[in-house]
Amino acid sequence: MKIEKDISLLAYNTFGIDAKAKIFAEYYSLDELRELLRQYRGEKILHIGQGSNLLFTKDFDGVIIHSGMARARFLDDETVEAQNGLRLDDMIAQLTDMGYCGMEKLSLIPGEVGASAVQNVGAYGVEAKDVIIRVHTMDVETLEERVFTNEECRFGYRDSAFKHELKGKYIVTSVVYNVKPGEAMKTREEIIQTRMAKLPTIGEVGSAGSFFMNPFVPEEQANALLKSYPDMPHFTSPQGVKIPAAWLIEQCGWKGKKLGGAQVWPKQPLVIVNADNATAQDIMDLAAAVRQSVKDKFNITINPEVNYI
Ligand SMILES: Cc1cc2nc3c(=O)[nH]c(=O)nc-3n(C[C@H](O)[C@H](O)[C@H](O)COP(=O)(O)OP(=O)(O)OC[C@H]3O[C@@H](n4cnc5c(N)ncnc54)[C@H](O)[C@@H]3O)c2cc1C
């Protein structure tokens, strides 16, 4: 294992925020994870992946834990178990190369396998929950391993029990996915091209992808809005009518607008970027201003997808 003290988290978050952590620890086996959790019991602990959905709002006065376990193996013809620290897209690339399909629509989503289950990542109509069979975890208190079935994870839109009642209690150690033999290269390539044209490239422009989640509103509210905005995109679902947050933000005139060093990404207004040495405060101020204007104009509350730390 590797333990560092008072380090910058710049390399560990895609927003490019230069916050500091009191301790940063990386483990390479479940035994090492157990040892770390034992050693730092009582301290504030945050397990991170690639840091592609985090906003460090201040220095972290605790222990940041990261997994260096990054292997995957077939359990049978249609089942793959991947360790938490493997980049999701590396796994998808390899599976596609090997002639397996099922996850290609999640191509190029940043982040690691562990967080794919926590966040229930999704794109182009597919979510991690559609391919997750079970999630292996370690209990932060008892240090015992526990397996959660797909149902027990209580997946929702960018959501799971690991963000609520199980938050901070379990570390996802590996995820078991269902895959199928099939050609997926063409779809993967198309998705990569579309994403690259629309989204900021990690390492070039700091962001955490979509800053807000798409809101769901009651049917009556959607119908009333459609009278004033007949072109409003909307999708009926069991949770209510989904309205793309990007559309709401664009209607409020935010596309490309800057506040301090933060900017609403001109090619996709759902994304807030670190355009010019933004501080976390710049990003929070811009997000709050965007959120308020959507509330004022449409009476719709949009909630951040990004985890404020
Ligand atoms: C350019 C860009 C595009 C993006 N596009 C999409 C998209 O299309 N769809 C989508 O869904 N998301 C998208 N995202 C968001 C991001 O990719 C996902 O949220 C991803 O799951 C984050 O993974 P990570 O490893 O970086 O997790 P982190 O950001 O490091 O952590 C996210 C959360 O998971 C927790 N966590 C991480 N690992 C573990 C673990 N092993 N056990 C328990 N908890 C853990 C953290 O504590 C934190 O609460 C995008 C982000 C960027 C920067």
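An open sheet of four strands runs in the order S15-S21-S20-S19, with antiparallel pairing. The model is predicted. Helix H7 lies across S19, S20 and S21. Elsewhere, a search of the whole structure finds one cavity of 30 Å³ or more.

**Sheet edges and pairing**

- Strands S15 (206–210) and S19 (258–259) are the edge strands, and each of them pairs on one side only.
- S19 is joined to strand S20, residues 262–264, by two bridges.
- These two strands, S19 and S20, run antiparallel.
- Across this pairing, Lys258 stands opposite Gln263 in S20.

**Helix over the sheet**

- Helix H7 covers residues 280–298.
- Its axis runs at about 35° to S20.
- Strand S21, which H7 also lies across, spans 271–274.

**Cavity**

- The largest cavity has a volume of about 40 Å³.
- Its lining is made up of Ile92, Leu95, Thr96, Tyr100, Cys101, Met103, Glu104 and Val179.
- By class, six of the lining residues are nonpolar, one is polar and one is charged.
- Helix H2 (88–97) and strand S8 (100–101) each supply at least two residues of this lining.
- H2 gives the most, with three residues.

Terms used: Residues are numbered from 1 along each chain as its sequence is written. This is a predicted model: local features need pLDDT of at least 70, side-chain atom pairs count only at pLDDT 80 or more; totals for chains, interfaces and linings use all residues. Side-chain values use heavy atoms; hydrogens and water are left out. Two strands pair if DSSP finds at least two bridges between them. Contact means heavy atoms within 4.5 Å. Axes are lines fitted to C-alpha atoms, for helices over the stretch in contact, and angles run from 0 to 180 degrees between N-to-C directions. On a 1 Å grid over the protein atoms alone, a cavity is a set of points where a 1.4 Å probe fits but cannot get out, and a pocket is an open set with protein on both sides within 12 Å along at least five of seven lines; lining residues have an atom within 4 Å of a point. Grid points are joined across faces, edges and corners, and a volume is the space filled by probe spheres set on the points. Ala, Val, Leu, Ile, Met, Phe, Trp, Tyr, Cys and Pro count as nonpolar, Asp, Glu, Lys and Arg as charged, and the others, Gly among them, as polar.
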